[in-house]
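Biologist: I am new to reading structures. Could you walk me through this one, feature by feature?

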Amino acid sequence: MTAPSARPPARRRRAGGLGPSPLWGYAMIAPAFIGLAALYLWPFAKTFGKSFMDTPAFGPGTWTGLDNYTELLGDGDFWQAFGNSAIYTAILLLGVPIATVLAALIQQIGRGRAVYRVLYFLPVVTLPVAVSMVWRFIYNGDFGLLNWALSLVGIPGQYWVADDAYAIYAIGAVGIWMSLGVNLIILGAGLQSIPPELYEASSMDGAGRVRQFFSITLPLLSPSVFLVTVLTVISALQMFDLVFVMLRSVDNTALDGSKTIVYLFYEKAFVQFDQGYGAAIAVVLLLVIMLATVFQFRVQRRWVFYD
Amino acid sequence: MTDPITKPRNGTKAGRRGEWVLHLALTATAALMVAPFAWQLLTAFKSTGEASQSPPTFWPAAPTGDAFTTFFDSVPVWSQFTVSASALALRVVGQLVVAALAGYAFARLRFPGRTVLFGLFIAMLMVPSQLFLIGQFELIRDFKLLDTIPALAIPGMFSAFGIFLMRQAFMSIPTAYEEAARLDGAGPLRTFAFVMLPMVKPTLGALAVLTSLYSWNDLLWSLIVSPRGDNRPLTVGLAGLQGQYGTDYPTLMAGALVASLPLIVIFLVLQRQFFNGIASSGLKG
């Protein structure tokens, strides 16, 4: 049944007597509803349907059942892309403890918080394409800044983004650098809600800053840390831009072995125009993200502290 | 702003020394965060030869604006800038109108099916955007909109996230204001536009800057709907530059600098809105 009739009759009569007619509600959600239905719900259904079809570049597709999915399971490229996305996600998760410690440090200082927040946030507001280019230059094997810095301490340089063995890790480092600002803001908001009396009381009891971090900050901040972890996994599994700009060039062989799931999806669906196969990749990505999220919500009971 | 944590310690010598250590650690990390931008800036003023030297020079030996000249000569910067800016404006305005209307309806108006519809919208927040791309592309193509500015902006105008954000904002406002407006004889639309909307300005601002960020930075969707490139936004133009000037790093750095600058300036001016938007949503990308 509909929502209003489930409410107590007295409230309903009051709302009916004073409130505007339900038509206003429908009129005001109409633009959103039409847009979301046409551009999100329908495409979602279509992609789902296409994943069970063989779709030639032109003309209608034919129903092939689970063929795309069985092909996917036997596709070495898919598993490689899947593995790369998993590695990239794991690297980005390393950024969460870094952000947690930095957020706590920023919270501790009296003056200059805003300055640090702005500096750490700069990579977030910079065009990802631009960021990728700068890092590509820094990673350059012949005259990049990184190899020069490493040579100062006697570490031999590498072709970081032209070598399969390093490319996904090099991109992961950039990913951490790019996501730090957003994570700091979310964690900073969480830190604001920790009652300051707890710190005062514990420092009277003689607890140092490190001790306070582990016994007050970390447990009370854990809901925010959890949120950041969930969001990191979701966005890391969807990474596209960095691979597209840092690896894609005519002569870069690292691209073959360092694609992510979404890059593979883009290539299949919009470069090779095999939309059925691309759709199957997207559906699998949805399943992976859902599983990863559900898994995290299960595990959170063991480490997230709610009061 | 007072800091409850350091306040009791600030007076002591040990507290002040602790503060110095913190600043040192934070500054060192900040230097790492900013170093790529500094390197980009320095490189943009070098000659191609100097940028390809090993070991690298720090300051440009003979500062030159050649890289900028090459960039402006080889990329239709102004027209691509106009495309990016128009798509951004269209998307932000559309997003604010759609999200504010729907957010208000979901927060305050009663109509059958409200809960179900809201649940449906929110469920879509969990679906990765790639699942919509094929269908969105076909819709845009069927409406003959490929390679137009509306094509870049339209899908981003509708977001379950924006509706959710606005709904939360409207829900936090006491109902007394609407009742007063109603008693004064204002209809629902006037109440919405002249009483409620001004009260959620901070959230509208946060949504506007976040939408601008997504719009200006978007690459995947822009690549998909601008296949011929007559209406390419700056982000696609810049990505294309790399194919052309593979290792001419000063030109690439100059381009990257020019293309990112508008949003960095907006960010520096509207920091608070950015931070509020991120903190209240926790959503990125």
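Biologist: How far apart do the C-alpha centres of domain 1 of chain A and domain 2 of chain A lie?

Modeller: In this predicted model, those two centres are 42 Å apart. The domain assignment gives residues 1-38 of chain A to domain 1 and residues 76-303 to domain 2.

Biologist: And where in chain A does pLDDT stay under 50?

Modeller: Look at residues 1-18 of chain A, where pLDDT stays under 50. For that stretch the model has 13 contacts beyond four places in sequence. For chain A as a whole, the mean pLDDT is 87, with 92% of residues at 70 or more.

Biologist: Let's turn to helices. At what angle do the axes of H4(A) and H13(A) cross?

Modeller: Helix H4 (residues 76-108) of chain A and helix H13 (residues 261-271) of chain A cross at roughly 140°, and their axes come within 8 Å. An angle over 145 degrees would count as roughly antiparallel, so H4(A) is oblique to H13(A).

Biologist: Which residues make that contact?

Modeller: H4(A) brings A:Asp77, A:Phe78, A:Ala81, A:Phe82 and A:Ser85, while H13(A) brings A:Ile261, A:Tyr263 and A:Leu264. By class, six are nonpolar, one is polar and one is charged.

Biologist: How many residues does each chain give to the contact of chain A with chain B?

Modeller: Chain B gives 84 residues and chain A gives 85. On the chain B side, helix H2 (residues 13-44) gives the most, with 15 residues. That side of chain B has 54 nonpolar, 24 polar and six charged residues.

Terms used. Residues are numbered from 1 along each chain as its sequence is written. Chains are lettered from A and ligands numbered from 1 in the order in which they are written. This is a predicted model: local features need pLDDT of at least 70, side-chain atom pairs count only at pLDDT 80 or more; totals for chains, interfaces and linings use all residues. Two residues are in contact if their C-beta atoms, placed from the backbone, lie within 7 Å. Helices (H or I, at least four residues) and strands (E, at least two) are DSSP runs, numbered from the N terminus. Ala, Val, Leu, Ile, Met, Phe, Trp, Tyr, Cys and Pro count as nonpolar, Asp, Glu, Lys and Arg as charged, and the others, Gly among them, as polar. pLDDT is the predictor's confidence in each residue, from 0 to 100. Domain bounds come from an automatic or database domain assignment. Axes are lines fitted to C-alpha atoms, for helices over the stretch in contact, and angles run from 0 to 180 degrees between N-to-C directions. Angles under 35 degrees count as roughly parallel, over 145 as roughly antiparallel, 65 to 115 as roughly perpendicular and the rest as oblique.
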